[in-house]
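Student: I would like to learn how to read a fold, a core and a sheet from coordinates. Please start with the terms.

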Amino acid sequence: MSTIRYTLVLSLFFAFNLQLLADNYQESTDGDLSGNLMVPTLFELDVGQNRISATSASGDLEYFRVVVPANSLLSVINHDIYQSNNARAFLGMQFGPTFTVLPNAALPADLAGYTHFGFDTISSNLMLDMSTSFGSQGFSVPLGPGDYTFWAQQLESQPTFYQFTFEVQQIPEPAFGVWVALCVIGMIGRLSLSLLRGQA
């Protein structure tokens, strides 16, 4: 097999298996999400699609901390599944590795963003509503590397099952042509400065 063909096959292999590298959390097998806002369940994201699925009901507070890795961006929180007797549930987010406010005291201004998700938000990117939610701190999409803590809750006494997909993209390295162009611009700038100094 030629080197070019081998490289192409290898690239396709890694692209096809990208989801295998991504993290997945299922309450049914990995345990209940934390109910302690100071010790949220850790969910370290990888480049690709990272799925989290859980069940919430009245009194079942759920906190999870997602970590966006270095040189990566969190661009999408897709709402995949919603099974409930209630039309809506709640999702809030704060910057950092813990949640800092109790549910009964939380105000929109305490949150980086929030949204209500339900049957009508399936297949939508929840980040878009969260980033501009009324009264919240707000944020820009995508989110860069760092820690973000989420609070999910259903007030209905009957359990609600939901699933989100966190899509992480790697920040592309500058193209070689861009690097060359920047070097040329820098050289021109230094040459111009030298000429100006020579005329002074």
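Tutor: Helices (H or I, at least four residues) and strands (E, at least two) are DSSP runs, numbered from the N terminus. By that rule, this chain has five helices and nine strands. Their order along the sequence is α-α-β-α-β-β-β-β-β-β-α-β-β-α. The model is predicted: local features need pLDDT of at least 70, side-chain atom pairs count only at pLDDT 80 or more, and totals for chains, interfaces and linings use all residues. Residues are numbered from 1 along each chain as its sequence is written, and side-chain values use heavy atoms, with hydrogens and water left out.

Student: What percentage of the residues of the chain count as buried?

Tutor: Buried means under 20% relative accessible area, exposed over 50%, partly exposed in between (1.4 Å probe, protein chains only). Of the 200 residues, 37% are buried.

Student: Which residues touch the most other members of the largest nonpolar core?

Tutor: In soluble globular proteins, nonpolar side chains tend to be buried together. A nonpolar core is a set of buried Ala, Val, Leu, Ile, Met, Phe, Trp, Tyr and Cys residues joined through side-chain atoms within 4.5 Å. The largest one here has 29 residues, and Phe64, Leu91, Phe150, Phe164 and Phe166 touch the most other members. Strand E9 gives the largest share, four residues. Apart from this core lies another, of eight residues, among them Tyr63, Phe99, Leu111 and Tyr114.

Student: In what order do the five strands of the open sheet run?

Tutor: Two strands pair if DSSP finds at least two bridges between them. The order is E2-E4-E8-E6-E7, with mixed pairing. Strand E2 (41-44) and strand E7 (113-118) are at the edges with a single partner strand each, so one side of each has no neighbour in the sheet. E2 pairs with E4 in the parallel sense over four bridges, and phenylalanine 43 stands opposite valine 66 in E4.

Student: Is threonine 149 buried or exposed?

Tutor: Threonine 149, in strand E8, has 0% relative accessibility and therefore counts as buried.

Student: Which backbone atoms does the side chain of threonine 149 reach?

Tutor: A polar contact is a pair of N or O atoms within 3.5 Å; within protein, one must be able to donate a hydrogen and the other to accept it, and residues adjacent in sequence count only if both atoms are side-chain atoms. The side chain of threonine 149 reaches the backbone oxygen of glycine 96 at 2.7 Å and the backbone nitrogen of threonine 98 at 3.3 Å.
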